[in-house]
Amino acid sequence: MVGRMSAMALALVALGGCASFSRDGGFDDVGKAVSQRTGADARWVRSDADRGAVAARVKELLSQPIGPDQAVQIALLNNRGLQAAYAELGISEADRVQAGRWVNPGFSYEYLTRGDELEITRKLVFDVLALFTMPRRVEIATQRFEAAKLRAAADALQAAGDARRAWFDAVAGEQSAQYAAKVKASAEAGAELAAQMARVGNFSALDQAREQAFNAEAGARLARARQEAIAASERLARSLGLAAGPAAFRLPERLPDLPKAPREPGPLESTALRERLDVQAATRDAAALATALGLTRATRYVDVLELGVEHNSASAQPPQRGWELGVRLPVFDLGDARTARAQYVYMQAADRAAQIAVNARSEVREAYAAYRTAFTVAAQYRDVIVPLRQKISDESLLRYNGMLLSVFELLTDAREQAASVDGYIRALRDFWRSESDLQMALAGRAPGSVQ
């Protein structure tokens, strides 16, 4: 008996040892998915050595003015909120490993006396049902682990998209503030000239008031533009995980140029359904719940099955050896409630997965429409509005030099030209934001979507 019990214990140890943690915690698949979609490297910081390597890489990237790609890379390495999200991988893998291990056996020891009689009972109890259902439970946990990988990759893509959009906002904010400062300088010059001309009687009180009002409004617009630039830079600092704020990075002076032509749509909807990580994760979750529903149905009536091995010894009596089988009788609980719950949970997941697929197709269509509209508007500014304003300004300068135009008319044209350039900056920013949103709608999850 002792030999058989020892052999069984060794078999249990070997069985439990089959379920172990992976070397990478599942992150290699996450990093590969992120790299394929962003071209940047994702890293899960789990040690001081990892943290030191990340800090060195981030410092290297920050040593030069950062572009949108560098912003994405810094966010993927340094955003602590994203690192916290990766912990869900470890939790899910722990559940998978736990599902592959048999429940610990129970041991009881009885020591009974009656006068000079002594009776000792030793019992070792094993949960046999847990062994029978282990393959299904491992399958369920593995599917959920795969879904957790997809969600982690989706979180990384979301952080990358946020950093990319924040970069465009920050650069555009600085450009807009610079042009607002130029408009303010022009307004101050006009107001000062109007005041001088009014003092010598060559300018009406009405025209002077108009110049003063424009100067005051230009000052308000400059203050607003500077605040918007500060806010955009702070959003970028948060996306990059930089505690020092905007002081930690430098930005280029201007946004990237508008491309010559927009990208063609291609098979947007099929690409979204194939590539989007939220669609894949929802499908994995539904598959895991389908397997769980099958397991619940299989164990509806019997959810506890225990095998016990006994060894009894008594005074002056030969020892007793045997076994017992324990099962819960389905008298009060027939398992219908558990089965119904599992059924509804699966139906909920299946419907949610179907709706996420519908949302993905709609969101990618909407994102592409916004992308084309933003390109059209920015191109109109680049090709028509800004050149026309420049031509008007040049013609006005010629007329001013020929004493056919007053200085105030020249200043007005200069202000309108600056306003058109500021409009182009904002249109260009909107285009690059829409381009980032389209990338997210094709690969991860559209900004602002509700899951």
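Analyst: In this predicted model, the buried residues of helix 4 are covered by, among others, helix 2 (27-38), helix 3 (48-62), helix 5, helix 6 and helix 7 (205-240).

User: What makes helix 4 mostly covered?

Analyst: A residue counts as buried when its relative accessible area is under 20%. In helix 4, nine of the 11 residues are buried. They are Pro68, Ala71, Val72, Gln73, Ile74, Ala75, Leu76, Leu77 and Asn78.

User: Which residues of helix 4 and helix 6 meet, and how do they divide by class?

Analyst: From helix 4 come Pro68, Asp69, Ala71, Val72, Ala75 and Leu76; from helix 6 come Ala156, Ala159, Ala160, Ala163, Arg164, Trp167 and Phe168. The residues of this contact comprise 11 nonpolar, no polar and two charged.

User: Why are helix 5 and helix 6 described with another word, roughly antiparallel?

Analyst: Helix 5 (residues 80-99) and helix 6 (residues 128-199) pack at about 170°, their axes being 8 Å apart. The term roughly antiparallel applies over 145 degrees, and helix 5 and helix 6 therefore qualify. Their contact has 13 nonpolar, two polar and seven charged residues.

User: Which residues of the largest nonpolar core touch the most other members, and which helix supplies the largest share?

Analyst: The core has 45 residues, and Trp167, Leu236, Leu240, Phe249, Leu255, Leu258 and Phe431 touch the most other members. At least two residues each come from helix 3, helix 4, helix 6, helix 7, helix 8 (268-275), helix 10 (336-401) and helix 11 (407-443). Helix 11 gives the largest share, 10 residues. Apart from this core lies another, of 26 residues, including Val34, Leu89, Ala148 and Leu157.

User: What does leucine 258 touch, not counting residues up to four places away in sequence?

Analyst: With those residues left out, leucine 258 touches Phe375, Ala378, Ala379, Arg382, Tyr424, Leu428 and Phe431. Among these, Phe431 is also listed with Leu258 as a core residue that touches the most other members.

Notes
Residues are numbered from 1 along each chain as its sequence is written. This is a predicted model: local features need pLDDT of at least 70, side-chain atom pairs count only at pLDDT 80 or more; totals for chains, interfaces and linings use all residues. Side-chain values use heavy atoms; hydrogens and water are left out. Axes are lines fitted to C-alpha atoms, for helices over the stretch in contact, and angles run from 0 to 180 degrees between N-to-C directions. Helices (H or I, at least four residues) and strands (E, at least two) are DSSP runs, numbered from the N terminus. Angles under 35 degrees count as roughly parallel, over 145 as roughly antiparallel, 65 to 115 as roughly perpendicular and the rest as oblique. Ala, Val, Leu, Ile, Met, Phe, Trp, Tyr, Cys and Pro count as nonpolar, Asp, Glu, Lys and Arg as charged, and the others, Gly among them, as polar. Contact means heavy atoms within 4.5 Å. Buried means under 20% relative accessible area, exposed over 50%, partly exposed in between (1.4 Å probe, protein chains only). A nonpolar core is a set of buried Ala, Val, Leu, Ile, Met, Phe, Trp, Tyr and Cys residues joined through side-chain atoms within 4.5 Å.
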